[in-house]
Amino acid sequence: MDSSNGRLQQPTKRLTETDAWQALGERHAVLAATSLNQLFADDPRRFERMSLSAGGLVLDYSKNRLDGTTLSLLTALAAERGVDTARDAMFAGRPINNTERRAVLHTALRQSAGVRHDANGVDVMPDVLAVRARMLDFAEAVRDGRWTGHAGDAITDVVNIGIGGSDLGPCMACEALAGRRRGRLTIHFVSNVDGEQLAAVLDRVEARRTLFVVASKTFTTLETMTNAASARAWFLAHGGQAADIAKHFVAVSSNAARVREFGIDEANMFGFWDWVGGRYSMWSSVGLPIALAIGAEGFRALLDGAARMDRHFVEAPLAANMPVILASIGLWYRAFFGTASVCVVPYAQALARLPAYLQQLEMESNGKSVSCDGRQVGVATCPVVWGEPGTNAQHSFFQLLHQGSDPIPVDFIMPLEVGHGLPGHQRLLLANCIAQSKALMVGKSEAEVRAELSTAGLAGEALELLVPHRVFAGNRPSNTLVLPDLSPASLGALIALYEHKVFVQGVLWGVNSFDQWGVELGKQLAGRIAAELDGGAVGPHDASTRGLLDLARSGLARASSRGAS
């Protein structure tokens, strides 16, 4: 730790110069030629040795191309890169976000009274608890009908207007916990500046019974404020008056002046802090839609589940630390096997938005090639994250997972209990999840294919034609994360696990996981081009951009002539 500014000291050695990295390279040469089938045959207790429980979750990482020696080296690498020191600095509120000189304290958002969390020496918990209490009281008032619209009607629809972390986290959680929702409220999410999304929602709601939650820390986010302004105009055109906006719009923001200017009562502004990054903000007032959906008790359970994973991350040794293990395995494949993507397949339709949420969490955090000290990292960093729910995914991209040219690690996520009550469905869902992870690992040999086809009555040319197409190489790695259920506590633990995994990988690569300068350039250019599309002077552009601008201007002119711009 640099005592002069409280920020983390960067390791003196580059990642590739560490002793553990060199040894891992040698270990890869051995394991690249070793099959998972052989590793299981050599160790009947492999599952027992390579599975771990934490925060109510179970991680089975035994179907990975590694052994005890590799795991020891990965733990040594984490120690050499200072993962434990960086973790302690984060929880202590040090300004580890070095490019913005900010603390990173989303973990404080899920703590209870009696715990102290400092940011730059100031305990943040009194403010955290006060805002949480206000938000949850408001959510309960809306849920039980005490908060009414301007005409005295109870609220039936909530429209959350945000983008990025102000949309993906709450939307994912509300869908994941839909089975826990009770009451009359329907929660809608609008994020895209494409007006089709907002228009479709507005077609389904009544102004007098709708509450809009406008989530933007600065209250200047282009997409969010464009959608909010359109929602405001719609409300005023459907029976609302300017004075009624305070009953139908609330803000999740820290810009009181802008909130007041919009017409929202500052008493209905729920703030959050500069030490909360957008993609880490669902635990804050950004989670208001979650509290509206599942109630104060459910929201507190979500926080408690995440806090349990926080405690595990802080207390467990590196070698038995679930986020560290998950992160280290990911680095192992990215660096030494050259895997360019990771697939996330939740076997729960309710988790359909989880892959999209993890895309932002992982790729916005660690999609960087410059280290905290300003130098090039020098190795491949964050892989592409993608996925869809099973079993649907089995009928789309699983062909590539099983027989494609590039092995792709998979995270299977398997909740054991669900609440729909339909007989037989969950048994088949779990069977498919377990079977797919096994099939990716064991594959099917040419000899097995020949025997299978012969039994089916094929022979000669017909058999030979099919054999190469029916062979599965196997040896394809996966993790399986088992949740006891899809409760708020289980979801909280799962999301906190992935948050800490991302943090650990950032430390290993040496990048700042908490800034996102890469999203700025396109936003800056979009502002200039929008002005040009609005009739302003067109500046110098490359031929492609100029050609596209001309086409866009023509299209907007045609739409304007039809009254549809």
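This report walks through selected local features of a predicted model.

Asn-512 sits in a loop. That loop runs between α19 (488-509) and α20 (520-533).

Two polar contacts involve the Asn-512 side chain. One goes to the side chain of Asn-97, at 2.8 Å. Another goes to the side chain of Thr-99, at 3.4 Å. Leaving aside residues up to four places away in sequence, Asn-512 touches Ile-96, Asn-97, Asn-98 and Thr-99, along with Ser-365, Lys-368 and Cys-372.

## Crossing of α12 and α13

Helix α12 covers residues 288-315, and helix α13 covers residues 322-337. Their axes come within 8 Å and cross at roughly 75°. The two helices are therefore roughly perpendicular to each other, since angles of 65 to 115 degrees fall in that class.

From α12, the contact uses Met-309, His-312 and Phe-313. From α13, the contributors are Met-322, Pro-323 and Val-324. By type, the contact residues are 5 nonpolar and 1 polar, with no charged residue.

## Backbone details

A cis peptide bond links Gly-390 to Thr-391, with omega at about 10°. Thr-391 belongs to the loop between β11 (384-386) and α15 (398-403).

Two residues other than glycine have positive phi: Arg-101, at about 55°, and Asn-475, near 60°. Arg-101 is in the loop between α5 (83-91) and β3 (118-119). Asn-475 is in the loop between α18 (460-470) and β13 (478-485). Arg-101 counts as exposed, at 64% relative accessibility. Asn-475 is buried, with a relative accessible area of 17%.

## Aromatic pairs

The structure holds 20 aromatic pairs. One is Trp-332 with Phe-336. Their ring centres are 5.4 Å apart and their planes meet at 45°, so this pair is tilted. Both residues belong to helix α13. They are 4 residues apart, so about one helical turn separates them. Trp-332 is buried, at 0% relative accessibility. Phe-336 is buried as well, with a relative accessible area of 13%.

Another tilted pair joins Phe-503 and Phe-514. Here the distance is 6.2 Å centre to centre, with 35° between the planes. This pair links distant parts of the chain, with its members 11 residues apart. Phe-503 is in helix α19, and Phe-514 is in the loop between α19 and α20. Phe-503 is buried, with a relative accessible area of 4%. Phe-514 also counts as buried, at 9% relative accessibility. The loop between α19 and α20 holds Asn-512 too.

## An aromatic cluster

Some aromatic residues gather in a group. Phe-212, Phe-219, Trp-234, Phe-235, Phe-249 and Phe-262 form one aromatic cluster.

Key. Residues numbered from 1 in each chain as written. Predicted model: local features only at pLDDT ≥ 70, side-chain atom pairs only at ≥ 80, totals over all residues. Heavy atoms only, no water. Polar contact = N/O pair within 3.5 Å; in protein donor to acceptor, adjacent residues only side chain to side chain. Contact = heavy atoms within 4.5 Å. Axes fitted to C-alpha atoms, helices over the stretch in contact; angles between N-to-C directions. Parallel < 35°, antiparallel > 145°, perpendicular 65-115°, else oblique. Nonpolar A, V, L, I, M, F, W, Y, C, P; charged D, E, K, R; others polar. Buried < 20%, exposed > 50% of the residue type's maximum accessible area, 1.4 Å probe, protein only. Phe/Tyr/Trp six-rings, centres within 6.5 Å; stacked < 30°, edge-to-face > 60°.
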